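Biologist: I am new to this structure. Could we go through it together, one topic at a time?

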Amino acid sequence: MNMARNTENLLDLRLSDLEAYFVSIGAKPFNARQAYKWIWQKDVLDVDEMTDLPKTLRQTLKENNTLQEPSLGEIQRSKDGTTKLQVVLQDGQAVECVLIPESQRNTLCISSQVGCAVGCRFCYTAGMGFSRNLTVSEIVGQYRLASRYAAEPWGRIDNVVMMGMGEPLYNLEAVVDACDILMDTNALGLGARKVTVSTSGVAPKIPELIERSRVGLAVSLNATTDEQRTKIMPINRKWNIAQLVEQLQKIPKPRRKRVFLEYVMLGGINDTMADAKRLLSIARRTGAKVNLIRFNPHPKADFLSPEEENVLQFQKFLVDNGVGAWLRKSRGQDIHAACGMLGKADKVR
């Protein structure tokens with residue numbers, strides 16, 4: 001175990017780290033597996049209820065450790081069923097996650113940071129600025145809180161997308177560990193194909209994510225020329241489209257099947273057929289699929305949603321030319337929960 005890792009809160013530890021920690025305090029690895037099962041599969045956060053652990057170990061854990069997760073704040077439910085949950089952190093700050101119930105699956109969009117430093121011009125969260133990274137327990141805690149809320153009306157949350165507040169690859173250590181817990185069959189057991197991490201384009205971190213985690217990858221491209229992309233995504237000054245394409249091409253081909261290009265369509269800016277042709281070229285070179293997202297208007301951005309005819313024509317061109325392209329439904333606009341609209345929960349209200 002990396003001894004620099006915080007071991008105070010046991011919810012921040014993957015199984016291998018929990019085993020190493022237990023050994024360091026004189027317990028056995030199988031005791032760690034027992035505790036892990038109580039925590040993640042039985043949803044028990046009181047050490048005294050972990051009855052198969054030795055009493056002396058339980059006392060040691062109570063004296064030296066916590067099982068502290070965030071709490072549930074304000075809940076808003078959209079007319080379309082989408083539900084936005086405010087997740088309150090120990091320091092009084094808060095983030096938002098969004099539960100999207102569908103007939104075939106239930107998806108949760110979770111956050112990785114309080115605020116965001118990337119500054120995409122079309123994103124409401126950008127107006128918050130950046131406060132801090134979330135811990136492992138705060139990231140996974142969003143899933144736990146939402147799962148308890150969703151259990152009775154909708155059942156299990158079986159799909160997670162890390163597309164909420166923040167840039168996940170700027171918080172890579174905690175994100176990788178949190179995804180391990182989400183996917184681990186000894187913990188929450190979602191499976192690798194049910195977890196996707198999104199990035200605004202932190203190109204140097206993409207290989208590390210692919211090497212260390214089995215998650216799917218979504219890259220917020222949103223433009224097909226550097227001139228366009230720099231205007232709406234300042235991060236393009238650091239890592240341009242060519243650099244992103246290069247990193248995506250290095251991903252092993254089987255894994256590339258789980259790479260998506262996220263493309264927020266801005267009316268009159270990036271929704272022309274010339275853009276569609278350039279996007280087709282990028283998708284072919286990277287082997288990626290495309291998610292098209294209509295811009296969701298909000299007070300902090302002057303952009304317009306694209307005309308529906310342009311959206312459908314754009315999608316048809318990609319599909320007719322052999323690229324998988326889907327239109328992502330805009331859900332929860334009336335409660336400020338749609339893509340690019342999170343960010344009102346930086347402080348507990």
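Biologist: Which residues does L318 touch, not counting residues up to four places away in sequence?

Modeller: L318 touches A276, L279, L280, V290, L292, V323 and A325. Contact means heavy atoms within 4.5 Å. This is a predicted model, in which local features need pLDDT of at least 70 and side-chain atom pairs count only at pLDDT 80 or more, while totals for chains, interfaces and linings use all residues. Residues are numbered from 1 along each chain as its sequence is written, and side-chain values use heavy atoms, with hydrogens and water left out.

Biologist: Which residues touch the most other members of the largest nonpolar core?

Modeller: L261 and L318 do, in a core of 112 residues. A nonpolar core is a set of buried Ala, Val, Leu, Ile, Met, Phe, Trp, Tyr and Cys residues joined through side-chain atoms within 4.5 Å. Buried means under 20% relative accessible area, exposed over 50%, and partly exposed in between, with a 1.4 Å probe and protein chains only.

Biologist: Which helix gives the largest share of this core?

Modeller: Helix α5, residues 172–183, with nine residues. Helices (H or I, at least four residues) and strands (E, at least two) are DSSP runs, numbered from the N terminus.

Biologist: On to D271: is it buried or exposed?

Modeller: D271 is buried, with a relative accessible area of 7%. D271 lies in the loop between β10 (259–265) and α10 (273–286).

Biologist: What is D271 in contact with, leaving aside its neighbours within four places in sequence?

Modeller: D271 is in contact with M265, L266, P306, N310 and F314.

Biologist: A change of topic: at what angle do the axes of α8 and α10 cross?

Modeller: The axes of helix α8 (residues 241–250) and α10 cross at roughly 30 degrees and come within 9 Å. Axes are lines fitted to C-alpha atoms, for helices over the stretch in contact, and angles run from 0 to 180 degrees between N-to-C directions. The helices α8 and α10 are therefore roughly parallel to each other. Angles under 35 degrees count as roughly parallel, over 145 as roughly antiparallel, 65 to 115 as roughly perpendicular and the rest as oblique.

Biologist: Which residues make that contact?

Modeller: I241, V245, L248 and Q249 of α8 meet I282, R285 and T286 of α10.

Biologist: And how close do the axes of α1 and α2 come?

Modeller: The axes of helix α1 (residues 15–24) and helix α2 (residues 29–41) come within 8 Å and cross at roughly 130 degrees. That makes α1 oblique to α2.
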